[in-house]
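Q: I would like to go through this structure with you. Could we begin with the surface?

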Amino acid sequence: MNQIYFTFLKPILHEVTQVNVIFQGTNVNVFKAHCDLKNLLISLIRHVLKPNNISQIIKESTQKKIIRLTDIEAVRNALRFPGAHLSNNCVDYCWQFETQSALSIESKNIKQLQLNTVKQRCTNFLLKLCHELCNRLPDNMSTIEKIEYFCPDQCFNSNERSSFGELPLNLTDSSVDKDVLKMQWRQLGAFNEIFPGMSISQISETSSIRMWSTLKGLSTATGELKFKELSEFAIRTLTLPISNATV
């Protein structure tokens, strides 16, 4: 029985470990790390929840839209409500588990009743894991996803560049003039003038904080810092603590 259970755990824990390693790294891209956490949750709820309970969150993820807090709460509620769970015969326990289970039943190494017990154990594990992942997603997930707009490949992407209003302006200091920020954001468009001799792909390989630190030092012909306020706003946003951890 344990061997069959371990065949279920192996691919699931592999997914979890991959994301866990990202969060343990240094110089982690906060936006991408939390997107990986979100995508892990979506991958796991597909195993165990009925499609009609997760169709909206799957749709938004596919369209790369922000997953709203109401969607996360809907997943939490579905995890608590047995009627939203797939029956054990419909849960996706992964290919190796299904193969090993069939062989064990055929060779009479395990009885169907014992296999049902293992399946219930696996289902309980998935439900608990999904619940814990929901709790790990920060309450300010929508703000975190807006951090992507400060990444080099977003700032200088003329085709998909976000409007000023899409930035996490709720994080600006009250003393900052938003019209100044808007003007500086608009001036970012010509990346070849700001980074002469560099391509957009080279800029995209630069870390966000390093790029904004460079921008902060750029000055006009009169010696005035050209992107001072916008750079300070971006750096402040990129370095904010964003987890749900309690102290």
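Q: Is E224 buried or exposed?
A: E224 is exposed, at a relative accessible area of 54%; exposed means over 50%, buried under 20%, and partly exposed in between, with a 1.4 Å probe and protein chains only. This is a predicted model, in which local features need pLDDT of at least 70, side-chain atom pairs count only at pLDDT 80 or more, and totals for chains, interfaces and linings use all residues. Residues are numbered from 1 along each chain as its sequence is written, and side-chain values use heavy atoms, with hydrogens and water left out.

Q: Where is E224?
A: E224 lies in the loop between helix 12 (208-216) and helix 13 (228-238). Helices are DSSP runs of H or I with at least four residues, strands are E runs of at least two, and numbering starts at the N terminus.

Q: Which residues of helix 13 are buried?
A: L230, S231, F233, A234, T237 and L238 are buried there. They lie on the same side of helix 13, because they cover an arc of only 160 degrees around the axis, taken from the directions from the helix axis to the C-beta atoms.

Q: And overall, how many helices and strands does the protein have?
A: The protein has 13 helices and 0 strands. Of its 247 residues, 38% count as buried.

Q: Changing topic, what is the phi of C94?
A: C94 is not a glycine, yet its phi is positive, about 85 degrees. Most residues other than glycine have a negative phi.

Q: Is C94 buried or exposed?
A: C94 is buried, with a relative accessible area of 13%.
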